[in-house]
Amino acid sequence: MAGSGGLGGGAGGGQGAGTGQGAALRGPRAPLLLAALVLGAYCLCALPGRCPPAARAPVPAPAPAEPLRAVGPRGAPGLPVASGPGRRRFPQALIVGVKKGGTRALLEFLRLHPDVRALGSEPHFFDRCYERGLAWYRSLMPRTLDGQITLEKTPSYFVTREAPGRIHGMSPDTKLIVVVRNPVTRAISDYAQTLSKTPGLPSFRALAFRHGLGPVDTAWSAVRIGLYAQHLTNWLRLFPLSRFLFVSGERLVSDPAGEVGRVQDFLGLKRVVTDKHFYFNATKGFPCLKKAQGGSRPRCLGKSKGRPHPRVPEAVVRRLRDFYRPFNRRFYQMTGQDFGWD
């Protein structure tokens, strides 16, 4: 603001017109500057987080005698992978999407299983940190015993064009889990999350459409993520459909044991996590764990999960439903699953 004042004073002095013209110039600028600041803050919040700093990466203790096996010809060429008990391994399965679909809930539910070891944070290796190399990525993984599965989740992988090729380069046998949700509800949830961090955002309607209720703005990430069929097409160029499991975000809420059971089957695990592990929290409108991993107390997900959504006009919701309908139907055909969003 001091810089603006200096510019205004300089203009007034040069023309000999006093402060009147400076005030007239500053007046129209105020709302424009405020709008620019708000939109700038929104863009910062909407961007994915940064790549974890290398100094913080948990590097395994030196073990010169550690037995290694080379990845086969279909894997990442020339990269040794630790084997044996208590080793860090590449993930055999990834939760690759989607943002605000229920990925955190699924990860926490799966961590109840004794044969699943999961990285708690999102490493963003295949979308933002790939230049750090596969050895760095493996160093982030928890240690596993033989027979245990290493799992990580980064929901932005599903919408990242380069991610399929990079994951395929690590291992074409990687199992891929995609949690999907009604794209309209998902977009509103995405907006609610950003709004909680950046009060003063433009309305959902202003961001979702151009010129009032004109064309849907697919450049907005909250809308673009929900074009599941388009994103899946990119993945199917390298991975067969059999490598995927599509989890319903809605059923993960209404029947968590059933959906987690499907995931355990897909991963080749015994169904250890069952309905006895869940109870429904009416206040949050979300299932919670009766017994959290390593503890004896019931536990729900963080405050950000199950947050109330802002009210969106019904006309806006209808327009978005109409927009997504052909994409949803194509997605149903591609996956062989009808998620009932239409």
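How many bridges join β8 to β9? I counted 5, with the two strands running parallel; strands pair if DSSP finds at least two bridges between them.

Before going on, I noted that this is a predicted model, where local features need pLDDT of at least 70, side-chain atom pairs count only at pLDDT 80 or more, and totals for chains, interfaces and linings use all residues. Residues are numbered from 1 along each chain as its sequence is written, and side-chain values use heavy atoms, leaving out hydrogens and water.

**Strand β9.** I stayed with residues 244-248 and found 5 of 5 buried (under 20% relative accessible area, 1.4 Å probe, protein chains only). F244, F246 and S248 point one way, L245 and V247 the other. Opposite S248 in β9 I found V180. Strands (E, at least two residues) and helices (H or I, at least four) are DSSP runs, numbered from the N terminus.

**Helix α5.** In residues 163-170 I get A163, P164, I167 and M170 as buried. They sit on the same side of α5, because their arc around the axis is only 120°, taken from the directions from the helix axis to the C-beta atoms. I see them packing against β4, α4, β8 and α9 (contact: heavy atoms within 4.5 Å).

**α6 and α12.** Next I checked α6 (183-197) and α12 (314-335): the axes come within 9 Å and cross at roughly 125°. Axes are lines fitted to C-alpha atoms, for helices over the stretch in contact, with angles from 0 to 180 degrees between N-to-C directions. From α6, the contact uses P183, V184 and I188; α12 brings V317, L320, R321, Y324 and N328.

Conventions:
Buried < 20%, exposed > 50% of the residue type's maximum accessible area, 1.4 Å probe, protein only.
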